[in-house]
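Here is a short report on how one protein chain is put together. Keep the sequence and the 3D view open while you read.

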Amino acid sequence: GWYIDYRAAADPARPQGMNYAPMIRLKQTGTDSYSTSPSGQALEDAILANAGQETTWYVGNEPDRTKWQDDIMPDVYAKAFHELRAQIKSFDPSAKVIAGSIVQATEVRMQYLDLILASHEEQYHEPMEVDGWAIHGFILREASCTVYPASECWGAEIPPGVDETLGLDIGVQQNDDFGIFTENIVRMRQWMADNGYRNQPLFLSEYGVLMPAGRFTPDFTSARVNEFMSKSFNYALNDGVDEEIGYPQDGNRLVQQLSWYSTSDNVFFNGHLFDRDDENKPSPMGENY
């Protein structure tokens, strides 16, 4: 019933009434400055065009991912979120503005979120106000490429501003480790409860099995991907419930919305639901979805 395309379109497609979730991309431009995409009049137009529909806005995409994606220091992210949330709400009070969208909710990335909250408190003398938090649910190795060779720092590296050099220490075959997947969701929900955000939704806004088929032994076959997908759906809908840290307005479920990656990215990654060359043809994963 919803989709995300990593942009903020002023006239998005809404097939069969699907909700569109716009995203503002971030880029750090100085020690305490940033730029956005879209920006200026284009951003204002996008906010106004999507106003009045309780639109869910995402601020940043993997801001904790160095060199790739948004790569932004915690204090600058806190500033960007604060200012962009105010701008969106000024044009559209009904809008929901979501923070986070980190690669995975591991221990080292909780440090990144802790730094964001601390910096927001320091800059604005108040807790960071959000309408929900988002995480990605990937399972990737976390090692600093300044310390480890390229063969050992594949994955998600270490978030900017965090002093650790090694976080989640895993191998490629654990890219679909369901135990790690659920542990990360529980960890994020616990962090939310500990910081006063239990009564906010948690969105799993991007996740799947990234390792491509035909390159590893054992292989990441479509059947293997489908098993992970089916387990994740059942967890979000049924088994992922916790009376202590879950979302009370949703039967104490841990996850309120999810978005599988991806619709048709079959060039470098696994899990595509449709063939990019024939978007009317579902893949085996699309059939399972």
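The text below takes the sheet, then the helices, then the disulfide.

This is a predicted model, in which local features need pLDDT of at least 70, side-chain atom pairs count only at pLDDT 80 or more, and totals for chains, interfaces and linings use all residues. Residues are numbered from 1 along each chain as its sequence is written, and side-chain values use heavy atoms, with hydrogens and water left out.

**The sheet**

Helices (H or I, at least four residues) and strands (E, at least two) are DSSP runs, numbered from the N terminus. Two strands pair if DSSP finds at least two bridges between them. Seven strands build an open sheet with mixed pairing, in the order β4-β3-β5-β6-β7-β8-β9. The edges are β4 (34-37) and β9 (257-260); each has a single partner strand, so one side of each lacks a neighbour in the sheet. On average, neighbouring strands of this sheet are turned by 25 degrees against each other, direction ignored.

β3 and β4 run antiparallel and are joined by four bridges. They form a hairpin, with five residues between them. Here Lys27 stands opposite Ser35 in β4. β3 also pairs with β5, in the parallel sense, over two bridges. The bridge partner of Ile24 in β5 is Val59. Further along, β6 (residues 96-102) and β7 (residues 133-136) run parallel, joined by three bridges. Ile102 faces Ile135 in β7.

**Helices on the sheet**

Contact means heavy atoms within 4.5 Å. Axes are lines fitted to C-alpha atoms, for helices over the stretch in contact, and angles run from 0 to 180 degrees between N-to-C directions. Helix α2 (residues 74-91) lies across β3 (23-28), β4, β5 (56-59) and β6, and runs at about 155 degrees to β6. Helix α4 (residues 178-194) also packs on the sheet, where it touches β7 and β8 (202-207). The direction of α4 makes about 145 degrees with that of β8.

**Helix against helix**

Two packed helices are described by the angle between their axes and the distance between the axes. α2 takes part in both pairs below.

| Helix pair | Angle | Axes |
|---|---|---|
| α2 and α3 (residues 107-124) | about 60 degrees | 8 Å apart |
| α1 (residues 40-49) and α2 | roughly 50 degrees | within 9 Å |

Angles under 35 degrees count as roughly parallel, over 145 as roughly antiparallel, 65 to 115 as roughly perpendicular and the rest as oblique. α2 is therefore oblique to α3, and α1 and α2 are oblique to each other. A crossing is left-handed if the near helix is turned anticlockwise from the far one by less than a right angle, and right-handed if clockwise. The crossing of α2 and α3 is right-handed. So is that of α1 and α2.

Which residues of α1 and α2 make their contact? Leu43, Glu44, Ile47 and Leu48 come from α1, and Leu84, Gln87, Ile88 and Phe91 from α2. They divide into six nonpolar (Ala, Val, Leu, Ile, Met, Phe, Trp, Tyr, Cys and Pro), one charged (Asp, Glu, Lys and Arg) and one polar (the others, Gly among them).

In the other pair, α2 residues including Pro74, Tyr77 and His82 meet α3 residues including Tyr112, Leu115 and Tyr124. The residues of this contact divide into seven nonpolar, four polar and three charged.

**The disulfide**

A disulfide is counted here as a pair of cysteine sulfur atoms within 2.5 Å. The count comes to one. Cys145 and Cys153 form the disulfide, with sulfur atoms 2.0 Å apart. Their link is right-handed, with 100 degrees about the S-S bond.
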